[in-house]
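Try each task before reading its solution.

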Amino acid sequence: LFHGLFKDRAEIDAGLADPQQGVTVDDFRWFLEYFLSHGYRFVSVGDVLAGLPAAGKYGLVTFDDGYFNNVRALPVLREFGVPAACFVWWDVVYREARARGAAAWEVAAEVGRLKRMPFDRIEAEVVGRYGAAAFRPRGDADRPFTPAELRDFAADPLVTLGNHTADHAILTRCGAGQAVDQLARCQASLREMTGVTPACLAFPNGDYSDAVLAACRRLGLRLGIGVEPRKNRLPLDSSSDEVLRLGRFTPCGGAAMRGRCRVFRADVRLYDTVRSL
């Protein structure tokens, strides 16, 4: 799981976009080289749905939230022939809160508070707090794709677009009808902009329920990814909910990346201990 992809540490420190994991292009290149050098093959969503031999070791690269800066991954993906899945949405709270002097922990608390609100009130809350201009990006580091850019991005053979809901709604906090609407509107928007209807999704906040999984199946979403840090054991049964409940690790950039990647490869569940250090 990646989010934004930054040119360098200076761009991260500029505070224009939520650094999330603080991953630079060089960090991303190192990540791919590391796993390739340890016998992993990076696969696409289509490869997973077609079935992967149980004897292999595989990785699926994903980007959440639809930052335009994800285009920086393309030269690296092409360099190594690695596919990626990108789940489209966008956010503005980090930049605006930090610009007003909020500490990182205060921003995290604010985001947590917003996530607990009904999804259809969040945008109004953000506008009320920061003004309508908050949704005006400041540059390529923090802006979303335009429809034309997203269409070009999706046309790359290494890119698969996926559903991340229409409003980044946490689906388990929606009514049944609202959850279906969130997923269906995202499907329709991406189809309209790119001509492709997604077959995969990443659950906002990693949250899902049996009812949400049933809605996914009805809408033709066949592969779902959460945020539980775990390996997905092969073979996967693509006809069951197993492939709609895939786990996913979250790398951090800089010095932390090497240690985390070693933990991701391990069979012992040490990830939560490392994450807390």
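**Exercise 1. Find how many disulfides this predicted model holds, and work out why.**

*Solution.* 
Step 1: Searching the whole structure turns up 0 disulfides.
Step 2: Recall what would be needed: a disulfide is a covalent bond between the sulfur atoms of two cysteines. The cut-off for the pair of sulfurs is 2.5 Å.
Step 3: Start from Cys 174. Its closest cysteine sulfur belongs to Cys 216 and is 12 Å away, so the two are too far apart for a bond.
Step 4: Go on to Cys 216. The closest cysteine sulfur to it is that of Cys 200, at 11 Å, again too far for a bond.
Step 5: Check the surroundings. Cys 174 counts as buried because its relative accessibility is 14%, and Cys 216 counts as buried at 0%.

**Exercise 2. Decide which residues of helix α10 are buried, and where they sit around its axis.**

*Solution.* 
Step 1: Helix α10 spans residues 210-218, and its buried residues are Val 212, Leu 213, Ala 215 and Cys 216.
Step 2: These residues cover an arc of only 160° around the axis, so they lie on the same side of α10.
Step 3: Turn to the face directed away from the buried side. The exposed residues Asp 210, Ala 211 and Arg 218 are carried there.
Step 4: Look for the partners of the buried residues: they pack against α9 and β6 (200-202).
Step 5: Follow the chain just past α10, where Gly 220 has a positive phi of about 85°.

**Exercise 3. Describe the largest nonpolar core and which element gives the most to it.**

*Solution.* 
Step 1: This core has 36 residues, and Phe 28, Phe 31, Leu 32, Val 61, Leu 77 and Leu 161 have the most contacts inside it.
Step 2: Several elements supply at least two residues each, among them β3 (61-64), α4 (73-80) and α11 (256-265).
Step 3: The most comes from α2, with 7 residues.
Step 4: Take Val 61 as an example. Leaving out residues up to four places away in sequence, Val 61 touches residues including Phe 2, Phe 28, Phe 42 and Pro 83.
Step 5: Apart from this core lies another, of 14 residues, including Ala 169, Leu 213, Leu 221 and Leu 244.

Terms used
Residues numbered from 1 in each chain as written. Predicted model: local features only at pLDDT ≥ 70, side-chain atom pairs only at ≥ 80, totals over all residues. Heavy atoms only, no water. Buried < 20%, exposed > 50% of the residue type's maximum accessible area, 1.4 Å probe, protein only. Core = buried A, V, L, I, M, F, W, Y, C linked by side-chain atoms within 4.5 Å. Helix = DSSP H or I, 4+ residues; strand = E, 2+ residues; numbered from the N terminus. Contact = heavy atoms within 4.5 Å. Arc of directions from axis to C-beta.
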